[in-house]
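Please keep the sequence and the structure in view while reading.

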Amino acid sequence: MLAVVMGAPDYKVRFADAASLFQYGFSSCSIYIDRERDPLPELSVVYGKQDTAELEYAEEFRYLTTGGTVIGEVEKTMELPEEVQAPIQKGECAGRVVYKADGEELGSVAILYGADVARAGMWDLFGCTMKQYFLGTA
């Protein structure tokens, strides 16, 4: 917050007026910051050189209310697909986390891919098939 007081007779009055403006501002605002972000799962990748893709949050979620309203209990919902197809570029959007309070959506934060996943070639898929056939593993 920023308080500007002009036309006051001296610094004591300016300071008192600025202090009362800050008290009013802080009493009428409420902020929610998601400091306890849930760990992100790895997504299953189809036709990729890797079986999974790393995920990361795009940013920290913050929400500010004014007018004296208080933010209630905040619910977080993660929206991600079950699996994705390669190729995947680092920084592309994979999904989002939606924040709601009292049934109203406050906002969301994008979930991004944390690394590139190249599309598997014919020999990669052939090697994987042989590995499954002879060793019984993927």
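**From a hairpin to the whole sheet**

Within the hairpin of β8 and β9, two residues lie between the strands, and aspartate 102 has a positive phi near 55 degrees there. Strands here are DSSP runs of E with at least two residues, helices are runs of H or I with at least four residues, and both are numbered from the N terminus. The model is a predicted one: local features need pLDDT of at least 70 and side-chain atom pairs count only at pLDDT 80 or more, while totals for chains, interfaces and linings use all residues. Residues are numbered from 1 along each chain as its sequence is written, and side-chain values use heavy atoms, with hydrogens and water left out.

Aspartate 102 belongs to the loop between β8 and β9, and its positive phi occurs in a residue other than glycine. Aspartate 102 is exposed, with a relative accessible area of 70%. The term exposed stands for over 50% relative accessible area, buried for under 20%, and partly exposed for what lies in between, using a 1.4 Å probe and protein chains only.

Lysine 100 faces glutamate 105 in β9, and glycine 95 faces isoleucine 111 in β9. On its other pairing, β8 runs antiparallel to β6, with six bridges between them; here valine 74 stands opposite alanine 101 in β8. Two strands count as paired if DSSP finds at least two bridges between them. In general, strands of a sheet pair through backbone hydrogen bonds, either parallel or antiparallel.

These pairings form part of an open sheet of four strands, in the order β4-β9-β8-β6, with antiparallel pairing. At the edges are β4 and β6 (74–79), each of which pairs on one side only. On average, neighbouring strands of this sheet are turned by 30 degrees against each other, direction ignored. Such angles are taken between axes, which are lines fitted to C-alpha atoms (for helices, over the stretch in contact); angles run from 0 to 180 degrees between N-to-C directions.

In soluble globular proteins, nonpolar side chains tend to be buried together. The largest nonpolar core here has 21 residues, of which Val45, Val74, Ile88, Tyr99, Leu106 and Tyr113 touch the most other members. At least two residues of this core come from each of β2 (43–46), β4 (55–57), β8 (93–101) and β9 (104–113). A nonpolar core is a set of buried Ala, Val, Leu, Ile, Met, Phe, Trp, Tyr and Cys residues joined through side-chain atoms within 4.5 Å.

Apart from neighbours within four places in sequence, valine 74 is in contact with Tyr32, Tyr99, Lys100, Ala101 and Leu106. Contact means that heavy atoms lie within 4.5 Å.

**Residues in loops**

Aspartate 34 lies in the loop between β1 (30–33) and β2. Is aspartate 34 buried or exposed? Aspartate 34 counts as buried because its relative accessible area is 3%. Its side chain makes a polar contact of 3.3 Å with the side chain of lysine 76. A polar contact is a pair of N or O atoms within 3.5 Å; within protein, one must be able to donate a hydrogen and the other to accept it, and residues adjacent in sequence count only if both atoms are side-chain atoms. Beyond its neighbours within four places in sequence, aspartate 34 is in contact with Glu60, Phe61, Lys76 and Tyr99.

Tyrosine 47 occupies the loop between β2 and β3 (52–53). Although not a glycine, tyrosine 47 has a positive phi of about 60 degrees. With 41% relative accessibility, tyrosine 47 is partly exposed. Its contacts, leaving aside neighbours within four places in sequence, are with Gln85, Ala86, Ala118, Arg119 and Ala120.

Tyrosine 47 and proline 87 are 40 residues apart in sequence, while their C-alpha atoms are 8.1 Å apart in space. Proline 87 sits in the loop between β7 (83–85) and β8, and a cis peptide bond with omega of about 5 degrees joins alanine 86 to proline 87.
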